[in-house]
Each structure stands twice: as C-alpha cells, then as structure tokens.
Amino acid sequence: MSLDPVDLKLLAALQRDSTQTAQELGERLHMSTSQAGRRRQRLEAEGYIAGYRAYLSPEKVGLTVQAFMQIVMATHTEKNARDFVRLTRTRAEIVGAWTLTGEADYLLRVYCTDLAALNLLVQQVLLPHPAVSRVQSQIVMERVKPDAPLPV
C-alpha cells in the first residue's frame, strides 16, 4: 500500500513527538480523533512505524563521551563477521553499528562515561577481538545537529 499525503503528515508529526494522542493528531491534521487513531494503527501494523522510545540525554545519565569508530576486519570470513556482529550486540556502549563500503568494514557509534571507559573498550574489547585488525576512533567534540526525523 502506498502512503497518501495525510499518512506522510501523520508520520512527520509522530517523528517530531510520538507521545501525541489520537485527539492531538486529529486536531493537527484536521481529521477526527478516530480517523487519526485508525491511520496510526494501520501505519504501525504495516511496519511504517517500527516502534516508539524515549530519547535520553546522554549527559544526564552519565555518558559524557560519544565516539564513532571505524573497524577494519583482520580477514573477511563469515565466522569473523558473525562473531563481530555478536560482539556489537552484546556491548551496551555500542549503540549503533553499520557495515560500510570503502576502507573500513564497520562503523560503530559508542557512548562511554569518560575517556578511560572508551580506552578500555578499544584496548580490552575491540583490539583483542580476533576478527579485528584495526580500530580508528573519532571522538565527538560537539553535536551540531541531533538525529533528525526522516524526510517524509
């Protein structure tokens, strides 16, 4: 099923604030509460809305260092890839992981309490992993644009 302009407006509104009630969405989109609620349910059921969550302030919860890490694999085997992906899923500090084209094989987004914790992650977890050949870290100095809604 394709999305109509009202669906796109509803998705955009929910990306800005997913806590809006059907009544608030209906008022915003000039439709009845029940129409807004049914559309939202349909978009959820069809997988357009993958879920809801609260975005926490990293600093408020004690995570003062954010970094991006480029990982180069030692060898490109299925086992190495599987083992490394398993590692990314078991470490809470790693909040995002992507496979890449180019020089690096993976890009990780990590949050740590401080530089010492980041160093431990690199020195005691990532570099000793048999699948990893090289780790290059970029520490975030300032976040100039927060994660934005998708351009729907």
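Me: Which side chain does Arg82 meet in a salt bridge, and what is the N to O distance?

Reply: General idea: side chains of opposite charge can pair when their charged atoms come close. Here the partner of Arg82 is Glu78, at 3.5 Å, N to O. A salt bridge means a side-chain nitrogen of Lys or Arg within 4 Å of a carboxyl oxygen of Asp or Glu. One caution: this is a predicted model, where local features need pLDDT of at least 70 and side-chain atom pairs count only at pLDDT 80 or more, while totals for chains, interfaces and linings use all residues. Residues are numbered from 1 along each chain as its sequence is written, and side-chain values use heavy atoms, with hydrogens and water left out.

Me: How many salt bridges does that rule give?

Reply: Eleven.

Me: Where do Arg82 and Glu78 sit relative to each other?

Reply: Both are in helix H4 (residues 78-90), four residues apart, so about one helical turn separates them. Helices (H or I, at least four residues) and strands (E, at least two) are DSSP runs, numbered from the N terminus. Glu78 is exposed at 65% relative accessible area, and Arg82 is partly exposed at 41%. Buried is under 20%, exposed over 50%, partly exposed in between (1.4 Å probe, protein chains only).

Me: What separates Arg40 and Glu44 in helix H3?

Reply: About one helical turn again: they are four residues apart in H3 (residues 33-45). Arg40 is buried at 13%, whereas Glu44 is partly exposed at 30%.

Me: Which residue does Asp147 pair with?

Reply: Arg109, with the closest N and O atoms 3.2 Å apart. That pair links distant parts of the chain, 38 residues apart: Asp147 lies in the segment after strand E4 (132-139), and Arg109 in strand E3 (residues 106-112). Asp147 is exposed at 52%; Arg109 is buried at 13%. Elsewhere, bridges that share partners join Asp4, Asp7, Arg39, Arg42 and Glu46 into one network.

Me: Which side chain makes a polar contact with that of Asp105?

Reply: His76, at 2.8 Å. A polar contact is a pair of N or O atoms within 3.5 Å; within protein, one must be able to donate a hydrogen and the other to accept it, and residues adjacent in sequence count only if both atoms are side-chain atoms. Asp105 is in the loop between strand E2 (94-99) and E3.
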